[in-house]
Amino acid sequence: MGSKNKLKRFCENETFNNVIQPTREEVLNNFPQKGKWHSFFNNNNPIIVELGCGKGEYSIALAQKNSDKNYIGIDIKGARFWRGAKTAVEENLKNVAFVRTQIELVDLIFAEKEIDEIWITFPDPQIKYKRTKHRMTNPVFLRKYFHILNEKGIVNLKTDSEFMHGYTLGLLHGEGHEVLYANHNIYHNEGSPKEVIETQTFYENQYLRVDKPITFIQFRLKF
């Protein structure tokens with residue numbers, strides 16, 4: 001993507017009322033939206049967060065199917081989620097928003113127990129050992145998720161990485177968390193949740209064309 005195109009998207013994001021782009025300092029120093037997300041959506045519906053939302057495809061698809069839930073996509077790449085934000089504006093979807101920030105700050109964006117569900121869709125598996133701290137299901141991240149999820153809150157991990165799937169499953173079992181569902185090839189399993197197989201990202205469709213297995217874990221954290 002050219003720099004001019006990126007700049008155009010950044011500028012357009014600033015005109016969308018469904019996009020929030022705080023500075024890192026604003027997030028670190030009492031982010032004003034924290035604890036007030038239901039007021040942002042003007043309802044008390046469940047709040048679902050997609051971490052590393054990319055183009056926002058998953059958040060948009062789920063928002064289209066579930067008008068009784070609120071969706072928030074988070075990504076540091078504003079030029080990427082511009083597409084999702086623009087689609088939401090064009091389709092007048094009032095139950096989806098996007099926040100441009102680092103995922104490691106998620107516990108400063110939301111208040112304790114403010115969230116009902118988290119989706120992690122096709123994250124970078126960070127396979128090298130020295131990159132463990134960047135894996136989105138490492139113990140530090142799991143504690144952050146636990147802090148913002150309510151008592152019944154769940155986390156969904158959908159990935160094409162067998163490594164990420166195995167690492168996460170092993171960690172969950174080892175730390176005593178509750179694994180609600182796990183499958184290493186969801187499109188070859190009759191019992192796969194509809195919400196998982198009925199929504200695909202652009203890259204997921206490419207994986208499916210070459211019959212690359214897509215894995216899924218749904219779990220509840222127990223600290």
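These legends describe close-up views of a predicted model.

**View 1. The largest pocket and its lining.** The largest pocket of this predicted model has a volume of about 950 Å³, and of the 37 residues that line this pocket, the closest to its centre are Gly-52, Asp-75, Arg-80, Phe-122 and Asp-124. Strand S2 (47–51), helix H4 (57–65), helix H5 (78–90), strand S5 (115–121) and helix H10 (202–209) each contribute at least two residues to the lining, and H5 gives the most, with 4 residues. By class, the lining residues comprise 16 nonpolar, 9 polar and 12 charged.

**View 2. The second largest pocket.** This pocket holds about 220 Å³ of space, and the residues that line it include Asn-17, Phe-40, Ala-88 and Lys-94. Helix H3 (37–41) and H5 each supply at least two residues of this lining, which has 6 nonpolar, 4 polar and 1 charged residues.

View 3. The side chains of Glu-12 and Lys-86 meet in a salt bridge, with 2.6 Å from N to O. Because Glu-12 lies in helix H1 (residues 3–13) and Lys-86 in helix H5, the pair ties together parts that are 74 residues apart in sequence.

**View 4. A buried pair.** Asp-107 forms a salt bridge with Lys-144, and their closest N and O atoms are 3.4 Å apart. This pair links distant parts of the chain, with Asp-107 in helix H6 (residues 106–109) and Lys-144 in helix H7 (residues 139–148), 37 residues apart; both Asp-107 and Lys-144 are buried.

**View 5. A network of salt bridges.** Glu-178, Arg-220 and Lys-222 are linked in a network of salt bridges, and a search of the whole structure finds 7 salt bridges.

Definitions and conventions: Residues numbered from 1 in each chain as written. Predicted model: local features only at pLDDT ≥ 70, side-chain atom pairs only at ≥ 80, totals over all residues. Heavy atoms only, no water. 1 Å grid on protein atoms, 1.4 Å probe; cavity = no way out; pocket = protein on both sides within 12 Å on 5 of 7 lines; lining within 4 Å. Points joined across faces, edges and corners; volume = space filled by probe spheres on them. Nonpolar A, V, L, I, M, F, W, Y, C, P; charged D, E, K, R; others polar. Salt bridge = Lys/Arg side-chain N within 4 Å of Asp/Glu carboxyl O. Buried < 20%, exposed > 50% of the residue type's maximum accessible area, 1.4 Å probe, protein only.
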